[in-house]
Amino acid sequence: MRRRALPVALAVAAGAALAAAPAGSGATRTLTLEGWHDRALAFSGRTLVWTEAATVRVDPRRIRGAPPGAQRFDYYRADVSRARLDRASRRFAGPAETPVSVRTSIARMGSGTLAPTGDGGFVAVPSSSRLPPPTIWCCDDEGIEAVIDSDGRPGAPRTVAATWTGSAVRFVQLDAAGGQVVRLGDPGGGAVPPPAAAEPGAPDLVAVAGGGLRAWADPAQPARLLVARDGSGSPPAAIALPGPALRVWAAPGLVAVLSRAGARLAVTRIDAGAGPPSARRVWSGAALPAVAVGGGTLAIADGRRVLASRLGRAGARRVTTARRRVDAIGADGARLAWVERGRRKGLRVGVLRLARLG
Amino acid sequence: MRTPFKMRATVLRRTLLALALLLAAAGGASAAPIVSLQDDNLVNVSGPALEARMDALAATGARAARVDVLWREVARTRPADARNPADPAYDWSRYDQIVRGLTARGLAILLDFYLTPEWASRSGAAAAAPRAADGARFAGALARRYSGAFAAGGAPLPEVRRIEVWNEPNLPGFWMPQCRRGRGGKALLASPRAYAALLAASYREIKAANPRATVVGGVAGPAGSSPTSCPKDGRAAVGSLDFARLVADEGPPIDAWSMHIYPIGSPLQAFFVPSWSTLPQVIRQVDRLAPGAPIHVTETGYHTSYNRFHRYFVSEDQQAAWVDETLVAAARNPRVQLVTWFNFQDNPRWTGGLLRADGTRKPAYARFAAAAAAYPPPPGWAP
């Protein structure tokens, strides 16, 4: 089989120029990102990782050297970047790099699933309603990703949730009938067990985390969340929601659900440690919040308000008020990160900030 | 289920595309490119499996096939007489079968050679730039073996008229180092000059072995821009336009220039370097070497799923439509003489095939076959 050079993938200079602007470098409190794009954040060891999904508008009028008669066109990208943090995770300790770049002309992608693996690694699955997105593990000692699953066939199973078990990528795909198929993928290409067929699911309504945790809402009964520990032999626990689930997140021992609650929205926290799952509503509001879970913490950004709900404490408490609207948030125990909207020289930028819970 | 309206629309669209192809082909014999296909798995199989793959390749209707000759595999040990294809250090058995098989099936052949043997590599790595003399002697042996005047196993071997010197020498996966660190880490692009030396020496050796052979230089991979600073290990990619310019500065002889184009966006829309619409910029550099020399696009295509070696992908339907557009874009430039779709079949590292990994046909297969039929080869190209 022919070996291809890695730089082929990113060799088109103009394409690279159109990608997200590289973030700044050095020990800084913030990083400035280009645009107000869809983003997901996660802490992976002493590294902050983020996925950014955007439409790339290729306009020959803005590209020097474009040939005469060139026409405008769009393509779509989902990039995963990362930046090292200082010991206290209060500052960025190095420049950002982008080890994974997914590009397509098929359809727009969303930031999707981003699961940390520790030491700066991650599992990323962009989301899309029109294409089966790749499931990517990053990275080996040489900084090279492994493509766990990538299937371009029409009607191919679509990955909707993924996590890292410590030795393999555990991911959930939806088959053509909407049934969940739980699979394991080995980044080293080793043997993996056959997929296990499971219950009905839908995009955004399935989440998985370490320890075999899987949470989902059946599209036929969307006001009920099912929480299972795969491999335990126990049946899934059912949690009543205040309304139909809209999105589910999971981290080890913790599940969060955004659902409708009458005319409003609600976030329910489900602690799913060793004992039976316990649920409590930690937020309600009118506008879609940004939500993240990690290290026992559930973080919510509601407009400019940044809130957090920690293990064993009462509902979500306000951590800070951002200067501008927060578009994305990440959490890991006492560590928080978020992207708030900003402008630099009239252009839209995202300002990435860090904080610690007291 | 398709509705009659959708079926009519599909038929109409296909008819219009076929007309577009025919019109493009009829625009002048010189503008009709040779439709070529590469199966990178040919060199990994042998015996009946190889014959079956060649049957499948020929069944597409491709007029020509590009074949990688892995120098490292042919010459595992240093030959005593490197110009002599009969030197016992050489093992040509697989290539003899391929050249005979493709010729018997009516396909013209373009051979490219690369992968430096350990004995010819300063670092031992296959991607290490070879000494020009070593590479050129192998090129000479290759040209001599397939000159039409050499016999093996008691039967003459067919002639191969087109030899590409190396594969993507502007990319670090195939040629190292690409650059050296100048003052302040500034990149001094090293590969164009070193490659030009190999090209010049290979040209002499190939012509000495078979004066009728066409020597194709460049083979530039799809890199847009060149680095401004050079990594310590010299791993960088030299932009294909810069590569053409810097090779042209050295002035090696060529009969044709080749490059690889994997556009982001459709063939008729994309305008990043290198793409079909930026070909004239490359042609200006080629004309400094050999005015009017033909351009061979010896790799092009679109992937239908993400893989780490090629991160841009399209749907299977887009790929099929863009097979047509690729040929239309090529036919618009009369200097383009050959277009090779890469690859015949998907593998985990490359998902731009006409066939999926399981052997089933993607929609692009039928479009490629139709395009191959719509572009008859010009005189002199049939084997």
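**Entry 1: the A–B contact**

I started with the contact between the chains, which takes 39 residues from chain A and 43 residues from chain B. Two residues count as in contact if their C-beta atoms, placed from the backbone, lie within 7 Å. This is a predicted model, where local features need pLDDT of at least 70, side-chain atom pairs count only at pLDDT 80 or more, and totals for chains, interfaces and linings use all residues. Residues are numbered from 1 along each chain as its sequence is written, with chains lettered from A and ligands numbered from 1 in the order in which they are written.

I then asked which elements of chain A give two or more residues to the side that touches chain B. They are α1 (13-18), β4 (73-84) and β5 (97-104) of chain A. Helices (H or I, at least four residues) and strands (E, at least two) are DSSP runs, numbered from the N terminus. The largest share, 4 residues, comes from β5(A). By class, I noted 25 nonpolar, 7 polar and 7 charged residues on this side of chain A. Here Ala, Val, Leu, Ile, Met, Phe, Trp, Tyr, Cys and Pro are nonpolar, Asp, Glu, Lys and Arg charged, and the others, Gly among them, polar.

I followed β5(A) across to chain B. Its partner there is β12 (residues 312-313), parallel to it and joined by 2 bridges. Two strands pair if DSSP finds at least two bridges between them. A:T104 has B:F313 as its bridge partner.

**Entry 2: confidence**

The predictor gives the complex an ipTM of 0.88 and a pTM of 0.89. Chain B averages a pLDDT (the predictor's confidence in each residue, from 0 to 100) of 91, and 91% of its residues score at least 70. I marked residues 1-13 of chain B, where pLDDT stays under 50 and the model has 1 contact beyond four places in sequence. Residues 16-30 of chain B are also below 50, but have 21 contacts beyond near neighbours in sequence. Where pLDDT is low, the predicted coordinates should not be read in detail.

**Entry 3: chain A**

I counted 1 helix and 28 strands in chain A. The C-alpha atoms fill a box of roughly 65 × 50 × 40 Å along the principal axes.

I picked out an open, antiparallel sheet of 4 strands in chain A, ordered β18-β19-β20-β21. β18 (245-251) and β21 (278-285) of chain A each have a single partner strand, so one side of each is left without a neighbour in the sheet. β20 (residues 264-271) of chain A pairs with β21(A) over 7 bridges, antiparallel. Within that pair, A:A266 is bridged to A:S284.
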